[in-house]
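Subject: Handover of a structural model

Dear colleague,

Please find below the model that I am handing over to you. My notes on it follow directly after.

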Amino acid sequence: MPKDKIKVLLLENIHDNAVGYFEAQGYRSVERLKGALDADELKAKIADVHMVGIRSRTKLTADVLQAANKLMCIGAFCIGTNQIDLTAAKKLGIPVFNAPYSNTRSVAELVLGEVIMLARRIPEKNWSTHNGGWLKTADGAVEVRGKTLGIIGYGHIGTQLSILAEAIGMKVRYYDIVEKLALGNARSCPTMEELLADSDFVSLHVPSTPKTKNMFTATEMAQMKPGAMLLNASRGNVVVIEDLVKALESGHIAGAAIDVFPSEPASTRDMFESPLRNMPNVILTPHIGGSTLEAQANIGTEVAEKLVKYSDNGSTLGAVNFPEVQLPLQETGSRFMHIHNNVPGVLSSINEVLSRRSMNITGQYLRTDGDVGYVVVDVQEQVEAGLGIRHELEQIPGTIRTRFLL
Ligand SMILES: NC(=O)C1=CN([C@@H]2O[C@H](COP(=O)(O)OP(=O)(O)OC[C@H]3O[C@@H](n4cnc5c(N)ncnc54)[C@H](O)[C@@H]3O)[C@@H](O)[C@H]2O)C=CC1
Ligand SMILES: O=C(O)C(=O)COP(=O)(O)O
């Protein structure tokens, strides 16, 4: 299919850089919408597009993906990919790409700033001053120097935060389910309980997984030091909000900064509802951890590049749900891509089809995971689209989809 016929749909106000990159690469049919779409709108819209770009609000469920008959690949213009049914996408032969680092620094900076704000009791003071009050007092206000920050989830964001926090004199402890190299003077905790008992501030930086769903409940909150503060800029379902409200009301937790919520408004026009709304010692932000101009610009380019590379070249390097194949540019001849269920015999069937047609294979790449196999074959011949090879390849048992670069 010529590039100008490939339809790209970008939702959730993805940065201009993405549109610019697609257009510069010859993709002229790019539609960008400001908001997310609900399931029915999305199903109607996605049925006609070849690439879709989303952020954290768009839910690409198995049901929605079933309607995406032409969809070739998905771009998550963010870090988290929990809003996408990755397995369903894979089984439909659709790789998903994201931007694993581009907003890391933005989240870490926001959290560090909030640690300082919480330490100085700024949420209450800001609230009071806006209402005509004058809380000029040092009560409960402390420096962060020498205080302990406990980081749960010591990945890209957690480690970046660790470095920043140490730079301003904080002690850092961290807990992760995977053994991680301690940066600077940070010290790992063997258990989350130990981290909670030791930390003045606890910040969550885990991904959304079945294990992290509701991982932070009344039990974990009770294990925090009296008067400690909680920060969550990971995912909204990690913390049980009702339990947090009780811990804040009792004073056991003295303050919190929450950027992500179990239920978030679908658009900037919708009302935000939460029992935390009226609590003056809580910083509430509308899921903007990664929302900086720098991060959004970088993400726009990074993910558009990955989608274009897959479309132009077949490369799945960086896909989060798919066997990764890094490919050289196809200089001459034709390239076939074959995505199939991972059952024995598919590669030899592909080669049989090509050898029956006396095609000279110049390169062959295969990667599989438990479910899916991805084969890319370069042949010397310039294949005409009408030759029927595609039909023969599609007849191979287990085929999910095929694609040709001619
Ligand atoms: N608020 C916002 O706007 C943003 C939120 N995020 C969220 O932050 C999350 C983390 O991002 P990154 O640091 O880039 O991810 P990452 O994958 O680099 O790090 C996550 C770390 O959490 C650890 N982990 C997983 N399950 C755990 C558990 N049960 N207990 C303790 N540790 C566990 C992992 O081993 C890993 O080291 C993302 O998955 C996303 O949901 C990311 C960017 C922006
Ligand atoms: O990168 C992430 O995982 C985020 O949570 C940021 O989401 P957003 O792109 O701001 O909707």
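**The parallel sheet**

A256 has V282 as its bridge partner in strand 12. Strands here, like helices, are DSSP runs numbered from the N terminus, with at least two residues (E) for a strand and at least four (H or I) for a helix. Strand 12 is joined to strand 11 (residues 253-258) by 3 bridges, and the two run parallel; two strands are said to pair if DSSP finds at least two bridges between them.

Please note that this is a predicted model, in which local features need pLDDT of at least 70 and side-chain atom pairs count only at pLDDT 80 or more, while totals for chains, interfaces and linings use all residues. Residues are numbered from 1 along each chain as its sequence is written, and chains are lettered from A and ligands numbered from 1 in the order in which they are written.

Strands of a sheet pair through backbone hydrogen bonds, either parallel or antiparallel.

Within this sheet, strand 6 (residues 148-152) is largely enclosed by the rest of the structure, because 4 of its 5 residues are buried. A residue is buried if 20 or more other C-beta atoms lie within 10 Å of its own, exposed if 12 or fewer, and partly exposed in between, with C-beta atoms placed from the backbone. Strand 6 runs parallel to strand 7 (residues 171-175), to which 5 bridges join it; T148 is paired there with K171 of strand 7. Strand 6 also pairs with strand 9 in the parallel sense, over 4 bridges, and L149 stands opposite F201 of strand 9.

Together with helix 7 (residues 156-167), strands 6 and 7 make a right-handed β-α-β unit. Right-handed means that, with the strands pointing away from the viewer, the path from the first strand over the helix to the second runs clockwise.

**The ligand surroundings**

In total, 32 residues surround ligand 1, the closest being G80, G153, G155, P207 and G289; a residue is near a molecule if its C-beta atom, placed from the backbone, lies within 6 Å of it. Helix 5 (104-119) and helix 7 are the elements that give two or more residues to this shell. By class, the shell around ligand 1 divides into 13 nonpolar, 15 polar and 4 charged residues. Here Ala, Val, Leu, Ile, Met, Phe, Trp, Tyr, Cys and Pro count as nonpolar, Asp, Glu, Lys and Arg as charged, and the others, Gly among them, as polar.

Around ligand 2 are R55, S56, R57, C78, I79, G80, N103, H287, G290 and S291. This shell has 2 nonpolar, 6 polar and 2 charged residues.

**The chain and its domains**

The protein chain contains 13 helices and 16 strands, and its C-alpha trace spans about 85 × 45 × 35 Å along the principal axes. Of its 406 residues, 41% are buried. Among contacts with a separation of 6 or more, 65% are between residues 24 or more positions apart; two residues are in contact if their C-beta atoms, placed from the backbone, lie within 7 Å.

The chain is divided into domain 1 (1-102 + 292-321), domain 2 (104-284) and domain 3 (330-406), with bounds that come from an automatic or database domain assignment. The centres of domain 1 and domain 3, taken over C-alpha atoms, are separated by 25 Å. In the contact between these two domains, 7 residues of domain 1 meet 11 residues of domain 3. The side of domain 1 that touches domain 3 has 1 nonpolar, 4 polar and 2 charged residues.

**Individual loop residues**

E12 has a positive phi, near 65°, although it is a residue other than glycine. E12 is found in the loop between strand 1 (7-10) and helix 1 (16-24), and is partly exposed because 19 other C-beta atoms lie within 10 Å.

N214, likewise not a glycine, has a positive phi of about 55°. N214 lies in the loop between strand 9 (201-204) and helix 9 (218-223) and counts as exposed, with 12 C-beta neighbours inside 10 Å. K211 is placed in the loop between strand 9 and helix 9 and counts as exposed, with 10 C-beta neighbours inside 10 Å.

With kind regards
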